[in-house]
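The sequence and structure follow.

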Amino acid sequence: MNNNPSILISGDNAITAELKGLMNLKNPEFLIETAASAKNALKAASEKRYDVIISFPDISGINGLKLSFDLTENKISTPFILIYQVKDEAEIIKALSDGSEFYVQELKTPEKLSLELLEKINSITGKKESEILCKPEERAVAYFQKSPEGIFVADNTGKYIDVNPSACRITGYTREELLKKSIPEILSPSSLPDGVGAFKKVLKTGHEQGEFLFTRKDGSNYYMSVNATRAGPDEIVAFCRDVTDERKARQYLKESEERYRSLFEGVPDYILVHREGKILFVNPAVLKLLEMDKSDIIGKDLIGFVAEKSHKFVISMMKKRKKGETLPTYEITVNTKYGPRITEVNGSNINYEGKPASLIVLTDITEKRHSEEYANLLSKMSDGAPASIIVHEFDGKIIYANKEALRLHGFTRREFRALNLYDLDVIESNEQLNERIKSIDKTGELDYDTEHFRKDGSKIPLHINVKIMDWEGRKILLNISTDLTERKKSERLLKEKNLFLQQLIDTIPNPIFYKDSEGKYLGCNKAFEEYTGLLKEKVIGKTVYELFPKDIADIYKEHDQNLFDNPGMETYESVIKYIDGSIKNVIFYKATYNDIKGSLAGLVGIILDISERKKMEEALKKSEEKFKSYVESAREGIFVVDTSGNILDVNPGACDLLGYTRDELLNSNVSSLVPAEDIEYVMKRFEETAKTGHISDEFRTKRKDGEIVPVIISAVLMPDGNLLAIHTNIYELKRAEEGVKEANKKLNLLGSITRHDILNQLTAVLAYLEIIEIDGDIPKGSKTEKYLSRISDASETIKKQILFTKDYSDLGEQAPKWQNVRKIVDDTYKIQTFESIILENRLEDVEIFADPLFEKVIYNLFDNALKHGEKISKIRFEFIKSPDGATLICEDDGMGVPEDFKEKIFNREHYTNTGLGLFLSGEILSITKMTIRETGVYGKGARFEISVPEGMYRQ
């Protein structure tokens, strides 16, 4: 059975939890539970036997005495300790006089309250049952004797007739000495009139309270808070507390308030108070900023002093703050005598003159913008610093710990505050820690290395700096710890980083060097050594005059000094003496750098050898002159135009092509050089060139004499944003094409007649073969029957091939055209033969520039999938664009094509009777530079990819 005392504390969660933690810290054997309400406390006490019940004076709006009465009514006799406030003393005495059974304890700070409660609990749990259930009169006597407040009983003349031990302790007199005195005899002369007046008021009204100055037996003065009650016709009882320290604290608070007000008035930040946007108060800084009198600001709308661009934002922030939302620091722009200023805003809701208001602090951060980058760097460095801060008493009790300390040790804030430094420090003995404390007390500061325990039991090696600090008039210790493990890791990483940086600059092929602010070399890379022939060891610490000829050193020195006088970056051309003694043309890129304090520390430089570039520039100049002669002599028309079609330059070939002079063309637009019906298309193609970077297309141009000339224009987008267009006259080519078309028509006519005649003869052959079979004159199984069967099969094949060629008789005869691929796929699918498979058409409204027979390609893809897919159930078409063009994809879920046949199926030697259709499909596509290939996985389906060049599709 567990014999440890069990205790129930009733009160608000926050205070009961803190009290429980403090009590358990001092005496971990106590089994302490808490209840957040009187109802919960009564329920807990009914279900479980507690050794002691403790209650605060107010529990969720219910008086603590009420809980005591409820426990008694429910016949729960557990010893009850009521924590009371001074103002409740009269009520408590009355309850005790009426026979109520409970102990009392004055409400104090959590630390003091926990100690006194532990004392009282030990006293209660150590008594016998008969002692606990003593008579009310005895309990009242016990309260009188043990009360920490001084209790004075006087008659109606002011003479003391009884006092308790605390009264003797406070005054310094013995009980016998006090019983020989009266109230005026222990009052300080300065408080005598007020004290006597208060005594008379008690005799008249029955009650009075106040603070008065008394004199102890040793002559020292002190203040007592007196709460006096008339207990009978000739008897007055006064409950007194020494409030000297409290008065000092109040005086200190008053002085602090005065200092705060002085600080408030003197701070450079702009501080104001407003209610619903109306300004109630401003500090002098605001008046100075606006150059206005207070009377011109108080009562005005806050928004009137805010820049217009910040109006909506400020109003939204005011609404959020009014709702009680916690707002982060934000920025606004205000109008001042100095013009618009950017300010950082912090605010909070306060009570001002008894009503809710908002306190706003504005900090001018306009100038700070210039140093934000540096401030951000410092902030990151600070956030990453591996230092923890712990504030503790000399006995090791922890008062405060920052987030890094909590993270480093692995505790929560509440857990950490319950610890002692002795719990954390890994030392051989407590005596060693005591010696450190004594050393710190003697010298005021101490640095040492130690180890701390983490929550998980692991150890942290630390370097600790401890200093004595003054905190509210008492000495405490400030403990700043650095994790040595991380520092060693950082040192190792820094060393590796420096090695890496040196290796990095050594890898850079350009010579690199860096100097201090006096112009002395601090280091260089291997390329610098190789370029100059100077070793790093001989370069470091030297100036340019010690390394280079004076005429060159003078140039270096002048530029270096100019850069030091005007920190930043500088680029200039110069020369340098190469390792073989030759002088090289170079470009120096130099920049200054600062130390951690922001002061100029030196410069770093990179050398770029431009000797070859100089030669190349000369060669380029000659090349440009040569190219110009080529352009001038070219027969093709060469134009330079902007993206709007304005002609910027032309060559003589362009003038000859169109019949205009150079000046006439330079003052015109390409739209004036094409037929009216072609203008919209031409300008659209020029816009496409500006996006894609190039075009090659056939156009019609109009000469000055009105003649229409067909040309092929190849245009590219140049780096300067203009277009370079080359016009090639294709008039003769067009005439040749017309001749070819006419020849094709005649050949098609001849082919049609020939196909007709051959088909007639084949029909006759097949008919005769059928008659021979019907007559039955040929013996079954004979060689003749076998040969006739082969003749029949060959004839059928010839017939199919002739019929197939009819479909492609017009291949290449007509010019390619733009065709909607999605529509062709949908129309082909509607053929009854293909409705047995599911079509997934992912194509958008994309058009492809192809031969009119392109629809036969789509038909062949459907037909090939249906005939040879075996298990096919679905076919899918999609169109994917890429930087170089696009791909039309046809996939099915059939068997696919074996790896060995992926290329053969497009040859005339067909695979399983499919080759001819796919062969001719390839021929159709090739007319407009398209290609087809099969990329599927055998057994999982076929995948045909048709590659469409850039310019051969549009959406």
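## A buried aromatic pair

Phenylalanine 528 is buried, its relative accessible area being 1%. The model is predicted. Phenylalanine 513 also counts as buried, at 2% relative accessibility.

## Aromatic pairs and cluster

Across the whole structure, a search finds 17 aromatic pairs. One of them joins phenylalanine 513 and phenylalanine 528 in a tilted arrangement, with 5.8 Å centre to centre and 55 degrees between the planes. This pair links distant parts of the chain, 15 residues apart: phenylalanine 513 belongs to strand β23 (residues 512-516) and phenylalanine 528 to helix α21 (residues 526-532). Both residues are also members of one aromatic cluster, together with Tyr521, Phe548, Tyr556, Tyr572 and Phe588. Over the face of phenylalanine 588 lies lysine 590, at 5.1 Å from the ring centre.

Where else does a charged residue lie over the face of a ring? Arginine 247 is placed over tyrosine 223, at 3.6 Å from the ring centre.

## The largest nonpolar core

The largest nonpolar core has 37 residues, and Ile848, Phe854 and Phe877 touch the most other members. Two or more residues come from each of the elements α30 (821-829), β35 (847-850), α31 (854-868), β36 (874-882), β37 (885-892), α32 (915-926) and β39 (943-949). With six residues, α31 gives the most to this core. Apart from it lies another core, of 25 residues, including Ala45, Phe80, Val153 and Phe239.

Leaving out residues up to four places away in sequence, phenylalanine 877 touches Val825, Leu839, Glu840, Asn841, Arg842, Leu843, Ile858, Leu861, Phe862, Ile889 and Cys890. Among these contacts of phenylalanine 877, phenylalanine 862 counts as buried at 0% relative accessibility.

## Cysteines

How many disulfides are there? The count comes to zero, with a pair of cysteine sulfur atoms within 2.5 Å being what is required. Two cysteines can be described by their accessibility. Cysteine 890, a contact of phenylalanine 877, counts as buried at 3% relative accessibility. Cysteine 168 has a relative accessible area of 16%, and it is classed as buried because that class covers values under 20%.

Methods: Residues are numbered from 1 along each chain as its sequence is written. This is a predicted model: local features need pLDDT of at least 70, side-chain atom pairs count only at pLDDT 80 or more; totals for chains, interfaces and linings use all residues. Side-chain values use heavy atoms; hydrogens and water are left out. A nonpolar core is a set of buried Ala, Val, Leu, Ile, Met, Phe, Trp, Tyr and Cys residues joined through side-chain atoms within 4.5 Å. Buried means under 20% relative accessible area, exposed over 50%, partly exposed in between (1.4 Å probe, protein chains only). Helices (H or I, at least four residues) and strands (E, at least two) are DSSP runs, numbered from the N terminus. Contact means heavy atoms within 4.5 Å. Rings of Phe, Tyr and Trp (its six-membered ring) pair if their centres lie within 6.5 Å; planes under 30 degrees apart count as stacked, over 60 as edge-to-face and the rest as tilted. A charge sits over a ring if NZ of Lys or CZ of Arg is within 6 Å of the ring centre and within 35 degrees of the ring normal.
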